[in-house]
Amino acid sequence: VASVAVSVRSQRCVRALASLLVLLALCVVAPTPRAAEAYREEAVKAAFLHRFTGFVEWPETAFEGGVFRIAVLGAPEVRDELQRLLADKSIKGRPVSVTSVADRSSSKPQLLYVGRGYSGSLPRLLAEHRGRPVLIVTDQPGGLEAGGIINFLLVNQRVRFEMSPAPAQSAGLHISSQLLAVAVRVLGGRGERSQ
Amino acid sequence: MKHLFGLSDPRRSVRGKLGAAVMLTAIVVLVTSGAAMLIHDLSVYRRSWAADIGTEANLLALTVGPALAFDDRATARRNLEALRSRPAVLAAVLFAADGSLYASYVREGRAVRLPEAPPAVDGVKIDGSRVQVSQPVEFNNEYLGRLYVQARYDVAGRVWAYLGIFSVIALVSLVAALLLSAVLQRLLTAPIEAIGAVALRIIREKDYSLRVHPTGRDEIGVVVQALNRMLGEIEQRTRAMELTNETLRQEMQERQQAETRRRETEGVYRAIGESIDYGVWITDAQGRLTYVSESFLRLLGQTQEQVSNMGWASALHPDDRDATIAAWVDTVRGGDSWYREHRILGVDGKYHAVLAQGVPIRGDDGHIIGWAGINLDIGRLKETEEALREADRRKDEFLATLAHELRNPLAPIRHATLILESPVASPEQRQWGRAVIARQVQHMALLLDDLLDVSRITRGRLELKREVVSIESLINAALETARPLIESRQHQLTLDVPKEPVLLDVDPLRVSQALSNLLTNAAKYTDPGGSIEVGVRRDAGGLGISVRDTGIGLSAAAIPRVFEMFSQMESALERSQGGLGIGLALVRGLIALHGGTVSAHSEGQGKGSTFTIHLPASTLVSRAAG
């Protein structure tokens, strides 16, 4: 709790700017009573992806070129939402670049999102990133088993997620217990929680 | 609070007042500090309570942050449920970022009205017995929603608990203060009581040498010191006052003695004044009488005031008055002494010769402050003067008479001598001549004898040769001398002598001499052919021998002086019988030597006179003894 409080306090310096960004994000993410009817899954997922970064710590060696890279595969809508959402924001004090999967060979992203539209072999893709400090988020059943750290799923028509902390630990990522506390299921944790 | 717990009650003892003061002070201190601490405590409590609830809300907001971030309502509810462990928290509401109610918690058994919209303002608000906290939920600089927490603020319970503790502390400390003051009072009241005891002793015994034993250097010690110093002062002053009183008493005594002496002296002076006729007089500087002796006032019949107002001047003889007043004015003006004789009209209607004599009195500076002097009664002096002058005149007369009496016989003697020497004188003539000489010589001898006797009597040189003789022999001896003159003037002599013999123890020569003098006088002052009667009468006081004549008699005025020396009647020189005027004086002297008296009686001039010799009984000799 103390460390969280400290981290919260450390962020106060950029509060003025952040509150503006938050307001902008709210315009997109926060469902208005009318927009609630049209619950946009992609927007929620984009927002969740952004929020995940707040609960995860990357080792300093993970970053190349001072840019926080996000790679989105098989989910162009989510990629667009992210690009819009993060257009003028930074993550971990770095400018953000949201890229497509096409140039995967050259890029070393810190966050990799694999959407439902990904046609390739998920296990093979994930194997490429195993052991590297990359937060892998999947959106299909069995995503965690395939090597993903976080996996989206729909519960009562609402976006939820499940987690697997073990690969994250081997990847050198540190995930906040708070994030684990709101996960639907934690793989290898203290038994599965059901909604 | 009446009389402030009796502190201002004058009947209350110092001990009681001290106790009341201690209790009152303790109560005031307790209440004041208790109230201050309560206020402070409530303030601290409020702040800490607000901070406590604020922290709770803050933590909860952090906890609930992820649930809100990832839209996990169940977790959010579970997070809020954790407040169950805080009984003070009554309710909590989590609002989403769009302001909709996301999750809520209400403590069981509590009916709490929850806000429908998130409170706009951040922070802690205490409102009566409620604490409300509105806390934004943020994560990673992103506003996620708002947390509202409502909790109890139990100020009344706090106050009651505080009052309970306070009451116990107050009770304990008051009891302790009471016990402590009971002990400490001894320390304070004992010296005060000691002071009081000494003060009472001083008042009772008037012993200002008593001192209070000093107790220390505190206020009571200062009072004791001051009291002791004051006592020292009083003692000193009392001693000085007693000394002064003693001095004053002595001075008073001396003054009284002086006054007594002065009064005695005044009494002496007054007595001296009264012993002088007519006393003393005192005037002021203006010459007004301020005092005269009583004797002078009695003489004038005036009061002191009347005399002071020139009453003495009005009593002056009219012939003396103006001159005396003028002289007095001059004397006062000149500051001279006063010496003046004048006559003053007494209250008896007679004028009294008074010699006033006085001198000015001078004060210390030499100025005259008055006069003082005496009034001398010089009336007797004047009378004596007059008497002396009269005596002198009579002496002159006597000398003239004596010269005349001695000269008278010389003419017949010389005439007789011429006749005796004359060759032609007859024997008869010669006989007549011798008889003349013999008679005149005897006359002169008698005259000189009388003179010598008178002289002896007045000088006290005459001695009586007493022997017992009969009255007849005395009368016969006297008649033997007087008979020639009686017969020559042809008087008729009658004797009236008692039948029984009368014996006397006297000097026969002197008594018969006195008797013969009376007979000679009777014969001399009775015209020829008169009658002379000698009578003898015995009475209780002795024996009376009277010689009565039918002669020229005596005036009433002449009777008192008839026995005085040289008091012969004025016409004596003209009378042929002449005489020195010492006969009766001689008679009186001779009889006086025998203790008897001589008296004269006359009906008036020309009516004859009676002279009576009275011999006292002591000269009578009883028959038995004889």
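Biologist: Glu390(B) and Arg393(B), how many residues apart are they in helix α9 of chain B?
Modeller: They sit 3 residues apart in helix α9 (residues 379-407) of chain B, so about one helical turn separates them. Helices here are DSSP runs of H or I with at least four residues, strands are E runs of at least two, and both are numbered from the N terminus.

Biologist: And what do Glu390(B) and Arg393(B) form?
Modeller: A salt bridge, with 2.3 Å between the closest N and O atoms. The term means a side-chain nitrogen of Lys or Arg within 4 Å of a carboxyl oxygen of Asp or Glu. Glu390(B) is partly exposed at 22% relative accessibility, and Arg393(B) is partly exposed too, at 39%. Buried means under 20% relative accessible area, exposed over 50%, and partly exposed in between (1.4 Å probe, protein chains only).

Biologist: What kind of model is it, by the way?
Modeller: It's a predicted model, where local features need pLDDT of at least 70 and side-chain atom pairs count only at pLDDT 80 or more, while totals for chains, interfaces and linings use all residues. Residues are numbered from 1 along each chain as its sequence is written, chains are lettered from A and ligands numbered from 1 in the order in which they are written, and side-chain values use heavy atoms, leaving out hydrogens and water.

Biologist: What are the scores?
Modeller: ipTM is 0.72 and pTM is 0.42. Chain B averages a pLDDT of 85, with 96% of its residues scoring at least 70; pLDDT is the predictor's confidence in each residue, from 0 to 100. Over residues 571-577 of chain B, pLDDT stays under 50, and the model has 9 contacts beyond four places in sequence for that stretch. Contact means heavy atoms within 4.5 Å.

Biologist: Back to salt bridges. How many are there over all chains?
Modeller: The search of the whole structure finds 41. One of them joins Asp41(B) to Arg158(B), with the closest N and O atoms 3.1 Å apart. That pair links distant parts of the chain, 117 residues apart: Asp41(B) is in helix α2 (residues 14-69) and Arg158(B) in helix α4 (residues 155-205) of chain B.

Biologist: Is Asp41(B) buried or exposed?
Modeller: Asp41(B) counts as buried at 18% relative accessibility, whereas Arg158(B) is partly exposed at 34%.

Biologist: Which residues are linked in a network of salt bridges?
Modeller: Glu259(B), Arg262(B), Arg263(B), Glu266(B) and Arg270(B).

Biologist: Switching to the sheet in chain B. What's the strand order?
Modeller: β2-β1-β5-β4-β3, an open sheet of 5 strands with antiparallel pairing. Strands pair if DSSP finds at least two bridges between them. At the edges stand β2 (101-106) and β3 (123-127) of chain B, each with a single partner strand, so one side of each lacks a neighbour in the sheet.

Biologist: How many bridges join β4 and β5 of chain B?
Modeller: 10, between β4 (residues 130-139) and β5 (residues 142-152) of chain B, which run antiparallel. Glu138(B) stands opposite Tyr143(B) in β5(B).

Biologist: What packs on the sheet?
Modeller: α2(B) does, touching β1 (89-96), β2, β3, β4 and β5 of chain B, and its direction makes about 35° with that of β4(B). Axes are lines fitted to C-alpha atoms, for helices over the stretch in contact, and angles run from 0 to 180 degrees between N-to-C directions. Helix α3 (residues 73-81) of chain B lies across β1, β2 and β5, at about 30° to β2(B).
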